[in-house]
Structures are given as structure tokens and as C-alpha cells.
Amino acid sequence: MTGQVHIERERDVAVLVIDNPPVNAGSTDVRRALMAAIATVTADADVKGAVLIGAGRSFIAGSDIREFDLPLAPPEMPQVIAAIEAAAIPFVAALHGAALGGGYELALGCDWRLAAPGTVVGLPETTLGIIPGAGGTQKLPRLVGRPRAIDLIATGARVGADEALGLGMIDAIATGDLRQDAVALAARVAGQKRRVIDMAVPDAPGLDEAIARASRRARPHVIHAIDCVRMAGSVAAADGLAQERALFQTLRIAPEARALRHIFFAERDAARGHPDRAARPLPVDRFGVIGSGTMGAGIATAILLAGKPVVLIDSDAAALDRGLAAITAALEEALRRGKIDAAKAQAARANLTTSLDLAALSACDLVIEAVFEDLDIKRDLVARLDAILRPDAILATNTSYLDIDAMAAATSHPDRVIGMHFFSPAHIMKLLEIVRAGQSSDLAMATGFGVARMLGKQPVEAGNSFGFIGNRIYAAYRAACEFMLEDGALPQDIDAALQEFGFAMGPFAVADLSGLDIAWRMRRARAHLRDPADRYVDIPDRLCEAGRFGRKTGAGYYRYEDGKPRPDPEVEAMILAASRDRGIARAPLAKGDIPWRAMAAIVNEAAHVLSEGVAIRPGDIDVVLVNGYGFPRWTGGPVHWARQQDVAALTMACARAARMTGPGHVPADLKVLGITGDHRS
Ligand code: 3H9
């Protein structure tokens, strides 16, 4: 044994077992141990071949990205790979679990690649703001051609074993025991070397198209990755490898890669929920969903796609039929896109039961209600479920805003009530806020997190506050954008500036897409709760009064022609009138002011959300905004972004954002978010 690599012998084949739980990340210690083990086996004249294999659940999930903020200690991965390539004996990479990034590059340094069924291989570095740094951009094109290599590297695709075999990324899939098959292969090819780096880059059609596809809206590091792949085969191999490595080293410590690493770890932290929670999730096999509208049908689809049975309930037969049609269409789409195979699609359809009668939920382990967003309707439903659900069943509400304590008070098991706030379309969007109401038990919360994992969602724990984490912060952001409308900007100015900042869409394009009428209805229902001293922008009300509900009516903040948004002079006139009626002298906003004001509102609200305990970690806020609200991932989320700004300027902007909202709004203490000025990179 050499540190984290054990050497075992199977006759004249040496098996190097990499053992660095949980995922065998390629840390400095692993690289050192590998280097020493390679030296040992290559110095042993009795060893005719070697197998590299991972202990535990993976081959190597990639380089240890926790080490990426610091200078990398020797030996670096390219040196380890060079030692394998220089060896006289063949090396077989025996892959299982994940062989990603540096792990797959290590496999590309071996002479043969054998994978267990279910292995995932690929070069996901671009998702972390970097490019492959140990030969990936130079070797993958030699196996799959440059166009396909560009597609795979630019998207960071994780490729299943069958597809990888078809593409040539691996040589074979093990039919028996992976280790034994790999040892047999190494013995069979004793004396042969087959270095990928020595192979020619095959001519493959479609290079220009692949470059165009991958370059669309690409971040700068992706463009670097494309350039490296283009270089493969057209420069000497050593030069290609050296250029790739130099770029990797520069990108690794750049702000964007740091931000993406932050969000990588924040997502994993968030998925744990409250750190003090000891309860283990209850097993959930039978699900019920009440309400077959857009959300209910989407949630039912998500459950079916995870291979679990669902009972879908609606009190209205026509609505139930519509829900069923939506689910059938979503499953067909998943089949068409290759997300499931025909057998899984058929099993999913067979797993769906519909009923008009709540009594059909009596055997369910978890029931998610997604009925109309009205507290009285929900309370009445919850009360009726008391007599139907098993006393140990968990009841989750998919409300976006309503008070879950008020709902839980209608049942005799309030400890079993939690919020599960899905995002639309629920079978596609990854974010899932798991909401802890006043009496939610640890068991119910742990079960909510367990279910989120089962559904492949990104869970984040939230407290029971109006709008939870995401909608509450988004409301502050939208309000700040509406203030800017009144102060001098037009929807298209604000949308363009925020898109340029990195948002997937501007707030007014988003509002048009989701429909202005829903928020209008809610504003009217809650009008009595509004502080009359708060600044209230009535432009959205004016739009709704004019029948402009957004895309679905062909007009909202924009006019839609052939589905495309166009600035509308009628809207401009309404906005000018609104400013005039409030006595506001409009003045154009500087371009940089728009994102700055919007971000100050977000950061201020985020700090309130954290100090009130609605979010339990600053990083959870980043995870919510990035996964549910189109916030640019490459900034690391609003909190990480805020930590890179000038503290005094941001503090002033946040105070101004609070002041502008109304006298009842106070500037938050940004220190709770860790905004101290020490994080700037
Ligand atoms: C790279 O390789 C660059 C090279 O080109 C450079 C060459 C020199 N580092 O996700 P999970 C931790 S860049 C450090 O919950 P799953 C993770 O934080 C890398 N830690 O499990 C968690 O820790 P904790 C390219 C890592 O089963 C634990 O492992 N590779 C790394 O749901 C379990 O993770 C990638 O981008 C890492 N690389 O998913 C792959 N990976 O328990 C990144 C994981 O303390 N990893 N951890 O919270 C993944 O995609 C998933 O972790 C994986 C397992 C699919 C492997």
C-alpha cells in the first residue's frame, strides 16, 4: 500500500486500487500515491500489465476541486499520466461510478478503457469555469473527432457507458466482474502499448457547426476550450498539451471558476438541510398529488419519471382529463428526448392512477397538495384529509406564498405538514424549497429532503415566511425594477441591462411569460395588508386593467408579434403617465445603475431572509436564485457576487434600496451574509 493507492497482485498483473472516499477525488495525496505506485509496478520486471481501479462507489470523480484555490502541489496530474504513458507495460483503466474530469483524463492516459455498466464518463470542467487540464482537449478529439469533442466539452456532458462505447470514449463494457475482466484484458495485451496521444485526429464533418453551436452565448472559458480542441492534431501533441495546461492554470484561479466552485459546494451543503437534524427520512413509495393543474401535473410527472406510483386527484373531471393529457405529453417528450426509454415510459404510464375521490389517497406515504392558491380552500382540504390519510403519512403543500402554519392548524397532525415548493415546469426545474412550518417535525423535514433526492431535485430548506426564500427575494428585486420604471427607465432598458448582467431573462419578459394576472389577483387579495406608506408602483395594475396579461394575451410589458416581444409605445405612454401622476420627474438611468439597484434590493432582502432564519446558510440563497430564478450561475449567486463588491458602496446601495421601498423597510446587516470585503478575489 502506498498511501491512498493499494497495489494488489493478480499473477503478473498489478492492480492499483485508488482509495480516497467518498468519490476518489484526485487530491495531492492521491496523485503522490499514484506516482509512487506506478514507479513500483513499472520497476517490477514480473509485472506485465497494470489495472487502475477505484475503491468504493467511483473510479475518480475528478481532481479535488477543494485544492483549486491554492497552487497545485506536485506531482500534477499530467505528470502522473506521462508516467503511465512512458511505462513499457499496458495500463487498463477499469471504470465504475463516475470517471469525470481528471478521472477520465487519467483513463485517457491508459492504453485501454473498460467500464462497468452504469458508469458515467466525461469532461465536465467547463461547468466549473475551467477547461480540462490534463490532456482532455487533446485526447478526446482523437477518439471521437473534433466536432463531437467540442459538443461534449462545451456542454460538460456526462455520458453513460453505452453511449460512451458507441462514441469510442471507452473500449468495452465489462460483462462480468469489472476487476476480473480488466485483469484478464491487461494479461491478454501484455507487451502492447496504445497511447491515445499518439493516435491521429480523425477527419469528421460538422466542425464549423459544432463551433457555432458551442460558441452561442458561451462564457470565455468555453471559447478557450473550443480553441484547444480545434488545436488538437494541428500542432505537435506536446505543444497542444502545454497550451491546454497553461490555460487551465490561469482559469482555475480566475473569479468565475471560484464562483462556480462556490455554487458547487453550496448546492451540496443545501441538500443536507439543517445541520442539526438527526432524523432519517421515512421510506416513500406511494405518492398522492391533489390538483391536476399545471403544478399538480408537473409534480406527478416528476414522481413518475423517478419510477414511483402516483394517485392524482382532482374534484373536476375535465380538469383531471387535462392533467392526464399534460402528463402523457410530458412523458412522451421525455421519451423523445431520450431521458427515459420506452420501457420506463410505459411503466410510468402504468404507475399513474387518477381519481375524483380523496379516499383514493388512503394508502399514500406522502401527499402533495397543489390546489388553487387560496388559504381557505387549502385549509378546508387539509381538514378533510385528516380522516383519510394514514396517521403517519406526510402532507406537503406546494403553496408559493401562503402561511403553512395556518394550513397545518386545520389538521390534528401539524407535525406532519411541510411545504414542498416546486418550480414550474415541476418535472424539469431542479429547485425544490422544503419549507419548515412552526410544528413540522424533523422526521417530516428529513422525509421531504429524501423525496427531493429521489426526484433528482436540488432541495433547499426554507422557513415559513411570505414567499419563502426565492419568491420573497424575487419580490424585492421586481419591486426595485418597477421603481426604475417610474424613475425613468423603460421595460426594454431594464430587461436588456439585467440580461447583460447575466440573468437568463429580464424581469418584465419573465412577468409577461408567467402572466401578469396572477400577481394582480394576489395584490388585490392582499391590498388590505399593504403598508400605505410603502412605495407602490401601479404600472402592472394599469397593464392588467387594459387587458394586457402578458404573452398569453399578446400584450403585457411588450407587444408580441409572431411570439417575439417588441417595445410598445402604448406601454411607454402608460409608464410616462404613471410617473407624472406620482409627481416623479423622470430622468434616464445610467446603464450600470440598473443592475446595481436591482442587486442592492436582492442583497438587502437576502440579508433579512438570513437574519430572520428563513434561510439557514448564505449559500442556500445562492442555490435558490441560481436554480430557480435564472440568476447567472457563473457569478456564484447574489451572496457570492456581493462578497466581491466594495462593501461601503454596497452598504449604501442597500440602505438606499430599503429607504426607497418605504419607511417601514430597514437596511439589513450585510455582515450576516459574510459580506466583509475579505472575500474579494
Ligand atoms: C477536474 O477534474 C479538472 C481536471 O481537468 C484537472 C486535471 C489536472 N472534488 O455530489 P455528491 C465531494 S475538475 C472535491 O454529493 P453524488 C462532494 O463535495 C472536476 N470534492 O455525490 C461531496 O462531499 P460532501 C471535474 C468532490 O453521488 C461528496 O464528494 N469533476 C468532488 O450525488 C459526494 O458528492 C466534476 O466536475 C471533486 N471533484 O455525485 C465532477 N466531487 O459529502 C464533480 C465530489 O463533503 N462531482 N466531491 O458534501 C460530481 O459531479 C458528483 O459529486 C458525482 C457524485 C457525480 C461524482
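**Figure 1. Asn-24 in the loop between strand E2 and helix H1.** In this predicted model, Asn-24 is found in the loop that lies between strand E2 (13-18) and helix H1 (28-43). Although Asn-24 is not a glycine, its phi is positive, at about 55°. With a relative accessibility of 1%, Asn-24 counts as buried.

Figure 2. Phi of Phe-468 is near 50°, a positive value in a residue other than glycine. The relative accessible area of Phe-468 is 0%, and the residue is therefore counted as buried.

Figure 3. The peptide bond from Pro-74 to Pro-75 is cis, with omega near -5°, and Pro-75 lies in the loop between strand E3 (49-54) and helix H2 (77-86). A cis peptide bond also joins Ser-424 and Pro-425, where omega is about -5°. Pro-425 belongs to the loop between strand E15 (417-422) and E16, and strand E16 itself takes part in the pairing shown in the next view.

**Figure 4. Strand E17 and its pairing with strand E16.** Strand E16 (residues 431-436) and strand E17 run parallel and are joined by six bridges; as one example of this pairing, Leu-432 has Pro-459 in E17 as its bridge partner. Between the two strands the chain passes through helix H17 (residues 442-454), and this β-α-β crossover is right-handed. Strand E17 (residues 458-463) is largely enclosed by the rest of the structure, because six of its six residues are buried. In a regular strand the side chains alternate between the two faces of the sheet. In E17 both faces are covered, with Gln-458, Val-460 and Ala-462 buried on one side, and Pro-459, Glu-461 and Gly-463 buried on the other.

Figure 5. The buried residues of H17 are Ala-444, Met-445, Ala-446, Thr-447, Gly-448, Phe-449, Gly-450, Val-451 and Ala-452. Just after the helix, Gly-456 takes a positive phi of about 75°.

**Figure 6. Arg-272 and its surroundings.** Arg-272 is found in the loop between helix H11 (255-270) and strand E10 (287-290), and at 57% relative accessibility this residue counts as exposed. A polar contact of 2.8 Å joins the side chains of Arg-272 and Asp-269. Leaving aside its neighbours within four places in sequence, Arg-272 is in contact with Phe-449 and Arg-617, and Phe-449 is one of the buried residues of H17. Arg-272 and Glu-461 are 189 residues apart in sequence, while their C-alpha atoms are 8.8 Å apart in space; Glu-461 is among the buried residues of strand E17.

**Figure 7. Helix H27, its cap and its packing.** Helix H27 (residues 647-661) has 15 residues, which at 1.5 Å a residue should span 21 Å, and its end C-alpha atoms are 21 Å apart, in agreement with this value. The N-terminal end of H27 is capped by Asp-646, a side-chain oxygen of which lies 3.3 Å from the backbone nitrogen of Ala-648. After the helix comes Gly-662, whose phi is positive, near 155°. Within H27, Leu-650, Ala-653, Cys-654, Ala-655, Ala-657, Ala-658 and Thr-661 are buried. An α-helix has 3.6 residues a turn, so residues three or four places apart point the same way. The buried residues of H27 pack against helix H18 (470-487), helix H24 (593-611) and helix H26 (638-643).

**Figure 8. Cysteines in a structure with zero disulfides.** A search of the whole structure finds zero disulfides. The cysteine sulfur closest to that of Cys-544 belongs to Cys-481 and lies 17 Å away, which is too far for a bond. Cys-544 is buried, with a relative accessible area of 2%, and Cys-110 is likewise buried, with a relative accessible area of 0%.

Notes
Residues are numbered from 1 along each chain as its sequence is written. This is a predicted model: local features need pLDDT of at least 70, side-chain atom pairs count only at pLDDT 80 or more; totals for chains, interfaces and linings use all residues. Side-chain values use heavy atoms; hydrogens and water are left out. Helices (H or I, at least four residues) and strands (E, at least two) are DSSP runs, numbered from the N terminus. The expected span of a helix is 1.5 Å times one less than its number of residues. Buried means under 20% relative accessible area, exposed over 50%, partly exposed in between (1.4 Å probe, protein chains only). Contact means heavy atoms within 4.5 Å. A polar contact is a pair of N or O atoms within 3.5 Å; within protein, one must be able to donate a hydrogen and the other to accept it, and residues adjacent in sequence count only if both atoms are side-chain atoms. Two strands pair if DSSP finds at least two bridges between them. A crossover is right-handed if, with the strands pointing away from the viewer, the path from the first strand over the helix to the second runs clockwise. A disulfide is a pair of cysteine sulfur atoms within 2.5 Å.
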